[in-house]
Amino acid sequence: MNAHEIDYHIYGEEMQYVQIELDPQEAVVAEAGSFMMMDTDIKMDTIFGDGSNQETGVLGKLFSAGKRLLTGESLFMTAFLNVGQGKKQVSFASPYPGKIIPIDLSEKGGKFICQKDAFLCAAKGVSIGIEFSKRLGRGLFGGEGFIMQKLEGDGMAFVHAGGTMAKKVLAPGEVLKVDTGCIVGFSHTVDYDIEFIGGIRNTVFGGEGLFFATLRGPGTVYIQSLPFSRLAGRVWAAAPKGGGKDKGEGSILGGLGDLLDGDNRF
């Protein structure tokens, strides 16, 4: 095994967290801001990149960090190392309501492709890199640009899906059409492209964007019902604008109900 062999347990329903059990000298790497809690004797260290090539010198570390910069992520990740004598636990929380998906890369051919914001944490030794799109349509219209994240290695990785997660196993040649923002990730054997919806009514009045993703098997695809961009858009649309009051959606009494609830700010 190149990556550390970790044990884990996922807790919760809507707001999940994953508890990872580390043997002595085992480590896990995570995105900044995902840490929840840990036992004593776990050493937390900020590292360049993903920690998969820390023995390759300065240039190797800079290259690893540069790959993360291209995906829009921070140059740094956080490593949690068990420096104690017995088993220790460290936990990481999902950033918003949804499901945490465990990905065993040894069962995925050593590679898994995911949206750049989906990655949560992984066993140290897993490489978190970039996957360039080789097709112009994906890069121009895919919603995530030319670049997605690529998880490589033989260890465990964990990604987050917003809302409810759907897992689809595609047969060879089977095609699944998906909203571009609803893709969490897929096996490296899946062929991914962008297709124009077509039709003037669909384009102007459909309200679903101009393009959707086509995923062609074989392989496994993970779909989310609530992309963070959609959640943020709804929150932004409902937020008071220009310092004004909200629309009173929280009460059947509208503005009168706001005066009667438990959070009154004038």
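The side chains of Glu-21 and Lys-87 meet in a salt bridge, with N and O 3.9 Å apart; a salt bridge here is a side-chain nitrogen of Lys or Arg within 4 Å of a carboxyl oxygen of Asp or Glu. This pair links distant parts of the chain, 66 residues apart: Glu-21 sits in strand β2 (residues 17-22), and Lys-87 in the loop between β6 (76-82) and β7 (88-93). Helices (H or I, at least four residues) and strands (E, at least two) are DSSP runs, numbered from the N terminus.

Keep in mind that this is a predicted model, where local features need pLDDT of at least 70, side-chain atom pairs count only at pLDDT 80 or more, and totals for chains, interfaces and linings use all residues. Residues are numbered from 1 along each chain as its sequence is written, and side-chain values use heavy atoms, with hydrogens and water left out.

**Salt bridges**

- How many salt bridges does the structure hold? There are 5.
- Glu-21 is partly exposed, with a relative accessible area of 24%, and Lys-87 is also partly exposed, at 46%. The terms work like this: buried means under 20% relative accessible area, exposed over 50%, and partly exposed in between (1.4 Å probe, protein chains only).
- Lys-88 forms a salt bridge with Asp-41, and their closest N and O atoms are 3.7 Å apart. That pair also links distant parts of the chain, 47 residues apart, with Lys-88 in strand β7 and Asp-41 in the loop between β4 (35-38) and β5 (42-48).
- Lys-150 and Glu-152 meet through their side chains in a salt bridge of 3.9 Å, N to O. Lys-150 counts as buried at 17% relative accessibility, whereas Glu-152 is partly exposed at 32%.
- Salt bridges that share partners join Glu-21, Asp-23 and Lys-87 into one network.

**A closer look at Lys-88**

- Is Lys-88 buried or exposed? At 17% relative accessibility, Lys-88 counts as buried.
- Leaving out residues up to four places away in sequence, Lys-88 touches Ile-20, Glu-21, Leu-22, Asp-39, Thr-40, Asp-41, Ile-42 and Asn-82. Contact means heavy atoms within 4.5 Å.

**Nonpolar cores and cysteines**

- In soluble globular proteins, nonpolar side chains tend to be buried together. A nonpolar core is a set of buried Ala, Val, Leu, Ile, Met, Phe, Trp, Tyr and Cys residues joined through side-chain atoms within 4.5 Å.
- The largest nonpolar core has 37 residues, and those with the most contacts inside it are Ile-20, Phe-92, Cys-121 and Leu-151.
- Apart from that core lies another of 15 residues, among them Leu-170, Cys-182, Ile-194 and Ala-213.
- Cys-121 is buried, with a relative accessible area of 0%. Beyond four places in sequence, Cys-121 touches residues including Val-18, Ile-20, Phe-92 and Phe-158.
- Cys-182 also counts as buried, at 8% relative accessibility.
- A search of the whole structure finds 0 disulfides, a disulfide being a pair of cysteine sulfur atoms within 2.5 Å.

**An open sheet**

- Which order do the strands take in the open sheet of 4 strands? The order is β1-β2-β7-β4, with antiparallel pairing. Two strands pair if DSSP finds at least two bridges between them.
- β1 (7-11) and β4 stand at the edges with a single partner strand each, so one side of each is left without a neighbour in the sheet.
- Antiparallel strands β1 and β2 are joined by 5 bridges, and Tyr-11 stands opposite Tyr-17 in β2.

**Loops and backbone details**

- Thr-164 is found in the loop between β13 (156-162) and β14 (165-170), and counts as exposed at 55% relative accessibility.
- Thr-164 and Leu-226 are 62 residues apart along the chain, yet their C-alpha atoms are separated by 7.2 Å. Setting aside neighbours within four places in sequence, Thr-164 is in contact with Ile-223, Gln-224 and Ser-225.
- Most residues other than glycine have a negative phi, and most peptide bonds are trans.
- A cis peptide bond joins Gly-217 and Pro-218, with omega about 15 degrees. Pro-218 is placed in the loop between β18 (211-216) and β19 (219-224).
- Gln-25 is not a glycine but has a positive phi of about 70 degrees; Gln-25 lies in the loop between β2 and β3 (27-30).
- Asp-41, the salt-bridge partner of Lys-88, has a positive phi near 70 degrees. Asp-41 is partly exposed, at 41% relative accessibility.
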